[in-house]
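Biologist: I have the model open and would like to learn how to read it. Could you take me through a few features, one at a time?

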Amino acid sequence: MIHVILITFLITLFYMAIANRMLTYIKILAFQGLLLFVIVFIQLNEINTINLILILLETIVFKSLAVPIFLNFILKRNKITREAEPFVPNFVSLIITTVIIVFTILLVNSINDPYLDKIFFIVALSTLFTGVYIIVSRRKILTHVMGYLVIENGVFILSLAVGSEMTMLVNIGIMLDIFVSVLVLGIFMNRIGNTFEEMSVDNLTNLKD
Amino acid sequence: MFHYYLIITILLAAGTIINRNNTIRILLLGAFLVLQTTLAIYGYSNLHKEEFSFFAYDSLGVIFLGVLTILSYTTIIHSYIYLKSRNESSWRQSIYFTALILLIAAMTCAYLASYIGVLWVFIEITTLSVAVLIYHERTHLSLEATWKYVFICSIGITFAFVGIVFLSKALSETGSVNLSFADIPQHLKNANTLWLKLAFLFMLVGFSTKMGLFPMHTIAVDAHTVAPPPISAFISTTLMNVGFLAIFRTYSLMANTSIQPWMNQVLLWCGILSIFVSTVYILKVSHLKRMFAYSSLEHMGLTALGLASGGIGYFAAILHMVLHSFVKASVFYQIDQIHRTFHTYIIRKTGNYFSKNLVGALVMLFVFISITAMPPSGMFVSEFLIFRSLFESHQIFILIFVLLFLTLIFWALGKNIFKLLFTPPIDIEEHKITPINPWESLSQFLLLSIAIYLGLNPPTEFVALIKESIILLPH
């Protein structure tokens, strides 16, 4: 069951590579949050109420509801065009995502560690690298933030794969930090939207020697 | 003590953001400085005491806490002068000082954190609070720099978190789940080396956003360009100390495992590439603050080399960080005065500073001597020790390259600083030049003389603290 969901997660990455409209990206992010909740829920051996609330907050409330609504708000407010405008054609993106996944499969298979849950690691690392790829291959600032959120999802799966539990306080700190950084990024995105005609990284090339 | 510090800091920050009265603002800032000093003194007199179960006064943390406390005084004074000279509105001043208080508190917590997760959380908070300060001037350029800073720091810090996850993977296989700095090394002896290597690589890349070391140095340079000069002083000194502390702690966690030679190789390459990049850019730079930002990159590279070559290099690396903090802070305070004199940061449009502001020009001359590590400067001692450690670890070729690059940097810095000091400027509007109060330079003379004193005749307590922080490293 859990492997099926993990593979569904991988498929969302392919979908993200070829998605054309900004709204599709937001929907995929919300869906990924939902998948993460299911993964954690199955993975949990014993259900502790505080832990459950924390996970609910982090996945459903934060990843599937708050962030997509916030991104949608920014999209509407700044009248961003609906197309994602990648630097490279979608077909090439699809191939590169495939190459990333094949590469991580080879990498993880080369590790000989009996305690390793391979599918978890493959999904986590390929999500991480696909996030980085989305950041470098897209022109819009909003897609950059989405790439960052994909990386965060990858890190989330990775910490599940390792399975060690950090102290509750640290967990809360990490969650708050990510939340605040998305908020701060959103505020600056609005500023960029107000200052420049178009929210594109082409406007951000004045600082150089 | 520590929980009082946290509570009072939050209260003072809240007071600063609500308050609009200038006198009350000065009183609040004064109270914060007293609090910060009390914590530093308390920390030094209660070494190794654990606080709040997540923090401890360990020796390296206390050294950097002391540096931060001294620089807080000067930065707050120079921030006050800076804001006054720009006639900022009361509301903008409140935001500025609140962010500054939170930044100082976040750095203090990062220095004293005794768990790697806690360190991570506070490093992220420093990013968020310094972003407000970088954006202070609210121009297009500062928007660009702040965006890049927050975005790349967030990604970097995420990578560092991946590194922590790998580290805990390595630990969980040995049966330990405790991620405190004191407990990790004992469990790492039999850990899987692949996980350790991955952990070190990810954490080095992640924390190098803060330290301004090679792979992620660009954002720190861009942030310097637009940040208010007193904040540049912080980014270049205490914030880089945070990054150094994180990398140093990571290094010393794994220093007694079999991957230590490999880690040294990685750090060596980071260091040499940092120095190389800074040489290339410093030769063609035209912006005064960017020039000193690249000089910071060079010094971080030297520190990484010291750490990588071991032996006396560990000692020299920490000493170099401390001395660099004092010298670089005084540079940026002085740059604020230069900017107020000429109304520009472009070196070409300045000149003959000696006739405009004699005391400030003297500071600049001393800065040149200090930053290029000429003998009376304290940094001569630390750089010399770093070179000695490189020599002793048989890295002769790297040493030759480093010396070659340093000569080029010396020439470039000399060319630009002497242009600023002596060459008469072309088409400058003399009536626009504003005179500067000579007393404003007092803090810079004090900081530069502290750097000379600590380098040439370090007090035994200071040496003992540094020696204690490197006691776990192999010799």
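Biologist: Let me start with a helix: which residues of helix 12 of chain B are buried?

Modeller: Two notes before that. This is a predicted model, in which local features need pLDDT of at least 70 and side-chain atom pairs count only at pLDDT 80 or more, while totals for chains, interfaces and linings use all residues. Residues are numbered from 1 along each chain as its sequence is written, and chains are lettered from A and ligands numbered from 1 in the order in which they are written. Now the terms: helices (H or I, at least four residues) and strands (E, at least two) are DSSP runs numbered from the N terminus. A residue is buried if 20 or more other C-beta atoms, placed from the backbone, lie within 10 Å of its own, exposed if 12 or fewer, and partly exposed in between. In helix 12 of chain B the buried ones are B:Met263, B:Leu267, B:Cys270, B:Gly271, B:Ile272, B:Ser274, B:Ile275, B:Ser278, B:Thr279, B:Tyr281 and B:Ile282.

Biologist: Which helices do those buried residues pack against?

Modeller: Contact is judged by C-beta atoms, placed from the backbone, lying within 7 Å. The buried residues of helix 12 pack against helix 8, helix 11 (238–254), helix 13 (288–309) and helix 18 (396–421) of chain B.

Biologist: Which residues other than glycine have a positive phi?

Modeller: Most residues other than glycine have a negative phi. Here, B:His48 has a positive phi of about 70 degrees, and B:Asn352 has one near 50 degrees. B:His48 sits in the loop between helix 2 and strand 1 (50–51) of chain B and is exposed, with 11 other C-beta atoms within 10 Å. B:Asn352 lies in the loop between helix 14 (312–342) and helix 15 (353–356) of chain B and is partly exposed, with 15 other C-beta atoms within 10 Å.

Biologist: How do helix 2 and helix 3 of chain B cross?

Modeller: Axes are lines fitted to C-alpha atoms, for helices over the stretch in contact, and angles run from 0 to 180 degrees between N-to-C directions. The axes of helix 2 (residues 22–45) and helix 3 (residues 59–85) of chain B come within 9 Å and cross at roughly 160 degrees. Angles over 145 degrees count as roughly antiparallel, so these two helices of chain B are roughly antiparallel to each other.

Biologist: How many residues of chain B are in contact with chain A?

Modeller: On the side of chain B, 37 residues are in contact with 31 residues of chain A. Helix 6 (140–174) of chain B is one of the elements giving two or more residues to that side, and the largest share, 20 residues, comes from helix 6.

Methods
Parallel < 35°, antiparallel > 145°, perpendicular 65-115°, else oblique. Contact = placed C-beta atoms within 7 Å.
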